[in-house]
Amino acid sequence: MFNTKIRWYKFAENEEEANNLLMGKTCSAVSINSKSLLLVYHLNNYYLVKNKCPHQGISLEKASCEDGYIVCPWHRYGFNLENGRGAGMHLETYPIEIRDDGWYAGFEYTSLF
């Protein structure tokens with residue numbers, strides 16, 4: 001009866017613009033669809049995660065990336081960039097889709113149809 005769907009929101013025209021959002025850093029806070037997210041560049045891949053540690057809600061903007069994990073600057077809890085799992089908690093992750101007309105962030109929603 002209920003279906004989970006993804007709504008896509010454009011956040012960059014191309015890779016150059018995505019890199020400009022990073023401002024020369026590994027990760028940078030971005031606002032997409034009124035949500036505070038963290039754009040991360042690690043090992044030649046881009047990721048979007050919620051810019052809030054699930055442990056105590058601290059911003060992850062000053063986090064580091066280590067071996068495929070985003071590591072909270074406060075308690076050093078690590079969360080897998082692919083699926084958000086780590087430290088017995090879950091960090092929300094968001095898919096990125098690269099199209100001819102730009103880069104899009106995906107947000108899940110529930111539909112009756």
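Let's start in the strands: Ile 98 has Trp 103 as its bridge partner in β12. This is a predicted model, where local features need pLDDT of at least 70, side-chain atom pairs count only at pLDDT 80 or more, and totals for chains, interfaces and linings use all residues. Residues are numbered from 1 along each chain as its sequence is written, and side-chain values use heavy atoms, with hydrogens and water left out.

Back to that pairing. Strands β11 (residues 96-99) and β12 (residues 102-111) run antiparallel and share four bridges, and a hairpin of two residues links them. Strands here are DSSP runs of E, at least two residues, numbered from the N terminus; two of them pair if DSSP finds at least two bridges between them.

Now hop over to Ser 28, which sits in strand β2 (residues 27-32). Ser 28 is buried, at 0% relative accessibility (buried means under 20% relative accessible area, with a 1.4 Å probe and protein chains only). Its side chain comes to 3.0 Å from the backbone oxygen of Leu 21. Beyond neighbours within four places in sequence, Ser 28 has contacts (heavy atoms within 4.5 Å) that include Leu 22, Met 23, Leu 38 and Glu 61.

What about the cysteines? A disulfide is a covalent bond between the sulfur atoms of two cysteines. The rule asks for a pair of cysteine sulfur atoms within 2.5 Å, and the count comes to zero. Cys 53 is buried at 2% relative accessibility, but its closest cysteine sulfur, in Cys 72, is 3.9 Å away, so too far for a bond. Cys 65 is also buried, at 18%, and its sulfur lies 5.4 Å from the closest one, in Cys 27, again too far for a bond.

Notes
Buried < 20%, exposed > 50% of the residue type's maximum accessible area, 1.4 Å probe, protein only. Polar contact = N/O pair within 3.5 Å; in protein donor to acceptor, adjacent residues only side chain to side chain.
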